[in-house]
Amino acid sequence: MVREIAITIYLFVFKLVFTIFNILPLKEKVTFVITFGDNSKYVYEEMRRRNIGAEAVVLYKGKSSLHFSSYQDVTLIPFETINVLDQLKSIYHLATSKYIFVDNYFGFLAETNFKPEVECIQLWHASGAIKKFGLQDESIKTRGQKAQQRFLKVYEKFDRVIVGSDIMATFFKDAFNLSNEKILRTGIPRTDFFFDKKHQRDVISNFYLKYPMLKTKKKILYAPTYRDNELEDFKLKLELEKMQNQLGEEFVLLLRLHPAVKNTVDYSQVYPGFVYNFSTEEFTINELLLMTDILITDYSSIPYDFSILGKPMIFFAYDLEKYKKERGLWDQYETMLPGPVVTGTKEIIDTIEKNRFNLAEIETYSKRWNKYSVGSSSANLVDYLFENKPSKVYQTEKASY
């Protein structure tokens, strides 16, 4: 009840201020509203390459501003903070921009009536989906009717939703109650990295310059998603000592926790020379995937991007039944994945030692989920926005499984 009252007050004030600023004329301006930021960065860099003259504004939450901190020509503003001036600036830019990009759910959209010329684009932070979201998320059943009506109002504001595959288009239509016409098949901008050989060479060189001791080791990356009840008190379920004893001569473990998780244990100090904590923003997740030989994850969307590299992965689903009940998973989890599903460390070690991976299965998976993400996603999206060039990637197609 208290939460809903606070949200209602916030949205009322937001709508009031937005209505005032909405009187002002629109500018040739793109405003990115981000909690992740990597996709938005690729779009912006493509705009710079094209010398697109639009002003760029980034309204950021958390550490997502790091993606744009090196650009002098971007206006960076913290979003949804207690700083009144920052909030006023944010609403001003939202009311006067021709193009709005969002990469997550943002409640302010429920009370934001953009002018007809404005295009609001959902540039979702994941290439695919294992866990359910939006209207399909099991957890929304506990929310009141007012909250659920607000969710629908937010989703109605999306003029276009970017996808990298026809399957993801189907998921978005179900999750956001969308029509076919709102789906834009340009591919996911950040996946362009996996087709940029020069950028990859620079990343590899930089990585080994900082971590020369890892050059002779094979690298396992553990990148789990978050659990709602463990955001403040995360407990690692991998038995690291057992992994170090049996795999430590050949492998090291890179750890990448979800940004929402607050972890108090520095496992790299507990297991020196075997565990390396990359949960900071020192390297992006795509850069770490490039350096990775084997990925261990669970219900994260990372496998969709990683599959482009054609490398093996393991799905450590130690709480599968509980997670299905609390969050919900699309389709049959155990059969939709391109790698073994395990519940314990012993199985992980056994899978790695016996090389129980099917690379052909991973290739098929990637072609299905990354159909439109083939190295030109950022260019396709900028074409759509500023060049108005017709392209087959914008056409709706029936999802194929």
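Q: Which elements do the buried residues of helix α3 pack against?
A: Contact here means heavy atoms within 4.5 Å. This is a predicted model, and in it the buried residues of α3 include Asp86, Ile91 and Leu94. The elements that the buried residues of α3 pack against are α1 (2-21), β1 (27-34), β2 (55-60), β3 (74-78) and β4 (97-102).

Q: How far does helix α3 reach from its first C-alpha to its last?
A: Helix α3 covers residues 84-95, twelve residues in total. At 1.5 Å a residue, 16 Å is expected. The span in the model is close to that, at 17 Å.

Q: Which residue has a backbone nitrogen that a side-chain oxygen of asparagine 83 reaches?
A: Let's look at the start of α3. There, the side-chain oxygen of asparagine 83 comes to within 3.0 Å of a backbone nitrogen. That nitrogen belongs to leucine 85.

Q: Is aspartate 298 buried or exposed?
A: Aspartate 298 sits in the loop between β11 (294-297) and α10 (302-306). Buried means under 20% relative accessible area. Aspartate 298 has 0% relative accessibility, so it counts as buried.

Q: Which residue has a backbone nitrogen that the side chain of aspartate 298 reaches?
A: Leaving aside residues up to four places away in sequence, aspartate 298 touches Ile130, Pro224, Thr225, Arg227, Phe315, Phe316 and Tyr333. At 3.0 Å, its side chain reaches the backbone nitrogen of threonine 225.

Q: Is asparagine 177 buried or exposed?
A: Asparagine 177 is in the loop between α5 (166-176) and β7 (183-184). The cut-off for exposed is over 50% relative accessible area. Asparagine 177 has a relative accessible area of 55%, so it is exposed.

Q: What is the phi of asparagine 355?
A: Most residues other than glycine have a negative phi. Asparagine 355, found in the loop between α13 (345-353) and α14 (359-369), is not a glycine, yet its phi is positive. The value is about 55°.

Q: Which residues lie nearest the centre of the second largest pocket?
A: About 450 Å³ of space lies in this pocket. Elements giving two or more residues to its lining are α2 (38-49), α6 (197-210) and α9 (285-291). Of the 20 lining residues, those nearest the centre are Lys41, His67, His199, Thr284 and Glu287.

Key:
Residues numbered from 1 in each chain as written. Predicted model: local features only at pLDDT ≥ 70, side-chain atom pairs only at ≥ 80, totals over all residues. Heavy atoms only, no water. 1 Å grid on protein atoms, 1.4 Å probe; cavity = no way out; pocket = protein on both sides within 12 Å on 5 of 7 lines; lining within 4 Å. Points joined across faces, edges and corners; volume = space filled by probe spheres on them. Helix = DSSP H or I, 4+ residues; strand = E, 2+ residues; numbered from the N terminus. Expected span 1.5 Å × (residues − 1). Buried < 20%, exposed > 50% of the residue type's maximum accessible area, 1.4 Å probe, protein only. Polar contact = N/O pair within 3.5 Å; in protein donor to acceptor, adjacent residues only side chain to side chain.
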